[in-house]
Amino acid sequence: MNPPVTEGRRSWLRDHSELGVSLLLLAIGVLVLTDALTMDVDITQRGPVGPRTVPLVVGTGLFAVAVLLAVDVLRGGRGGAEGGEDVDLSEPADRRTVLLLAGVFLATAVLIGPLGFPVSGALLFWGSAYALGSRRPGRDPLIAAALSLVTYVVFNNLLGVPLPGGPLMGVL
């Protein structure tokens with residue numbers, strides 16, 4: 001075991017951490033392009049712009065941005081803090097907050113089917129506020145419920161994008 005090589009590798013990875021973002025964008029771009037190219041399209045649905053057009057443009061854009069970002073990082077480019085940003089980039093991420101947010105998102109994904117969007121959305125909004133530091137038990141759940149209901153009504157009734165209603169389907 002050679003510690004200097006390991007430390008050198010860690011240092012290189014730390015200095016080029018933006019490559020992870022590039023790989024993620026590349027993977028999402030390939031996924032979007034693959035889905036768009038394998039999409040079954042009925043000939044009667046086609047017009048001047050078919051249903052594949054937007055996914056192809058988005059997938060190509062993701063792919064191009066991933067490649068350009070990787071090239072920039074490998075040439076020594078680094079993302080810097082914006083003028084008004086008050087984040088110390090040398091400090092590690094707050095793992096507790098990250099884990100709480102990941103748990104809230106995972107719980108929402110699991111609960112949206114059986115409970116519907118109004119309930120799981122309220123849990124998402126309240127859990128996110130709690131994970132990010134808000135500790136107002138009288139106010140936060142009420143705001144979360146209102147946000148969730150407004151989001152549900154806007155998407156379901158005004159935009160025509162059906163969201164699962166769950167047990168509240170008959171009520172809303």
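**Close-up views of a predicted helical model**

**View 1. Helix α2 and its buried face.** Helix α2, which covers residues 18-37, has 20 residues and reaches 29 Å from its first C-alpha to its last, close to the 28 Å expected at 1.5 Å a residue. The model shown here, as in every view below, is a predicted one. Within α2, the residues Glu 18, Leu 19, Ser 22, Gly 29, Leu 33 and Ala 36 are buried. When α2 is seen down its axis, these buried residues fall within an arc of 110°, so they line one face of the helix. On the other side of α2, by contrast, Leu 23, Leu 24 and Leu 31 are exposed. As background for reading such a pattern, an α-helix has 3.6 residues a turn, so residues three or four places apart point the same way.

View 2. Asp 140 lies in helix α5, which is made up of residues 140-158. Because its relative accessibility is 7%, under the cut-off of 20%, Asp 140 counts as buried. If its neighbours within four places in sequence are left aside, Asp 140 is in contact with Trp 126, Ser 134 and Arg 135.

**View 3. The salt bridge between Asp 140 and Arg 139.** The side chains of Asp 140 and Arg 139 meet in a salt bridge, with a distance of 3.6 Å from N to O. The count of salt bridges in the model comes to 1. Of the two partners, Asp 140 is buried, at 7% relative accessibility, whereas Arg 139 has a relative accessible area of 39% and is therefore partly exposed.

**View 4. Arg 135 over the ring of Tyr 130.** Arg 135, already named as a contact of Asp 140, lies over the face of Tyr 130, at 3.8 Å from the ring centre. A pair of aromatic rings is described by the distance of the centres and the angle of the planes.

**View 5. The chain as a whole, as a setting for the close-ups.** The chain has 5 helices and 0 strands, and its elements, taken from the N terminus on, run α-α-α-α-α. Buried residues make up 20% of the 172 residues in the chain. Among the contacts in the chain between residues at least 6 apart in sequence, 59% join residues that are at least 24 apart.

Key. Residues are numbered from 1 along each chain as its sequence is written. This is a predicted model: local features need pLDDT of at least 70, side-chain atom pairs count only at pLDDT 80 or more; totals for chains, interfaces and linings use all residues. Side-chain values use heavy atoms; hydrogens and water are left out. Helices (H or I, at least four residues) and strands (E, at least two) are DSSP runs, numbered from the N terminus. Buried means under 20% relative accessible area, exposed over 50%, partly exposed in between (1.4 Å probe, protein chains only). Contact means heavy atoms within 4.5 Å. A charge sits over a ring if NZ of Lys or CZ of Arg is within 6 Å of the ring centre and within 35 degrees of the ring normal. The expected span of a helix is 1.5 Å times one less than its number of residues. The arc is that of the directions from the helix axis to the C-beta atoms. A salt bridge is a side-chain nitrogen of Lys or Arg within 4 Å of a carboxyl oxygen of Asp or Glu.
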